[in-house]
Amino acid sequence: MKIVVKIGGSILDQDPRPIAQDVKALIERGEKLVLVHGGAKMVTEIAEKMGKEQRFVTSVSGFRSRYTDKETAEIYTMVIGGLLNKQIVAALFREGISGVGLSGIDGKIFKAERKEKIKIKEGGKVLIVDGDYTGRVVEVNAQLVNSLVEAGYVPIIGSVAIGEKGEFLNIDGDRAAASLAGAIKSDVIIFLTDVAGVLEEGKVLRNLSAEEAEKLIERIEGGMRRKVFAALEALRAGVGKAIIASGLRPQPITEALREEECTVIKQ
Ligand SMILES: Nc1ncnc2c1ncn2[C@@H]1O[C@H](COP(=O)(O)OP(=O)(O)OP(=O)(O)O)[C@@H](O)[C@H]1O
Ligand SMILES: [Mg+2]
């Protein structure tokens, strides 16, 4: 079975061992894994250390996101394509797994369309802001990722992208993982995050149809809203199942595959 696992930036500051050990166990069982990760939290930390103030905006569709100028896009590339990515490679190495860490820029794994101008809401007004370096994935190099998997490596892809003109672009990690999962014809996509799944009144919603998830989007907020949106994109791209689960338990991937205490979304 082919499995794409998106590791949330929200859990990247935790001990990576449980995930690495779980990857090992799954590989030994013959599963094929591809890891995708974000890392917005560390980007903010490093940017602050570099004296680069970060600005956050709310889009007209209600998504809160970072305003990414050129320098911030470069910090993204440094952090997500660099240290964070290699920390995951090292964690797998310690378990005897050959991870190949790449960013979406390498081999055009994530080619994106730059948004340039973004429409934001500020104090009840709609403003158009330019100079933004965020993008939407339009093409995935499935062949490169598949060939690494076939050769026995675990690809670890940092979610930054390359634009038409060779620009570094900040992309949504969940949606990038969803498009990758679709492109490589993954059987399942698992979003590991810092909560057990989609919560409503403190309870995990265990099973959702695509239709139910679509309706739910209106009622949820923040990072989880993006995740459900990405999960639906993955299903539309042909992925069989999308699972949102906690990445903070002993065998996070195995337990998600067993559909224990997590949200499973199917067509
Ligand atoms: N209904 C909901 N159910 C569960 N989580 C929710 C809900 N509404 C909002 N959230 C928030 O969504 C968060 C998960 O998304 P978030 O984007 O923060 O994490 P991530 O995707 O794992 O990390 P990153 O975006 O840094 O890669 C939860 O920690 C929670 O605060
Ligand atoms: Mg997120």
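This is a predicted model: local features need pLDDT of at least 70, side-chain atom pairs count only at pLDDT 80 or more; totals for chains, interfaces and linings use all residues.

Student: Which residues come nearest to ligand 1?
Tutor: G8, G9, G38, G223 and M224 come nearest, of the 19 residues around ligand 1.

Student: How do the residues of that shell divide into nonpolar, polar and charged?
Tutor: The shell has 6 nonpolar, 8 polar and 5 charged residues.

Student: And which helices supply at least two residues each?
Tutor: Helix 2 (40-49), helix 5 (173-183) and helix 7 (222-236) do. Helix 7 gives the largest share, 4 residues.

Student: OK, helix 7 then. How many of its residues are buried?
Tutor: 11 of its 15 residues are buried, so helix 7 is mostly covered. Among them are G223 and M224, both also in the group nearest to ligand 1.

Student: What covers those buried residues?
Tutor: The cover includes helix 5, helix 6 (210-216), strand 11 (188-193), strand 15 (241-246) and strand 16 (263-266).

Student: What span should helix 7 have?
Tutor: At 1.5 Å a residue, its 15 residues should span 21 Å, and the end C-alpha atoms are 22 Å apart, which agrees.

Student: What follows helix 7?
Tutor: G238 follows, with a positive phi near 105 degrees.

Student: New topic. Where is A245?
Tutor: A245 is in strand 15.

Student: Why does A245 count as buried?
Tutor: Because A245 has 27 C-beta neighbours inside 10 Å, and 20 or more is the cut-off for buried.

Notes:
Residues are numbered from 1 along each chain as its sequence is written. Chains are lettered from A and ligands numbered from 1 in the order in which they are written. A residue is near a molecule or strand if its C-beta atom, placed from the backbone, lies within 6 Å of it. Ala, Val, Leu, Ile, Met, Phe, Trp, Tyr, Cys and Pro count as nonpolar, Asp, Glu, Lys and Arg as charged, and the others, Gly among them, as polar. The expected span of a helix is 1.5 Å times one less than its number of residues. A residue is buried if 20 or more other C-beta atoms lie within 10 Å of its own, exposed if 12 or fewer, and partly exposed in between; C-beta atoms are placed from the backbone. Two residues are in contact if their C-beta atoms, placed from the backbone, lie within 7 Å.
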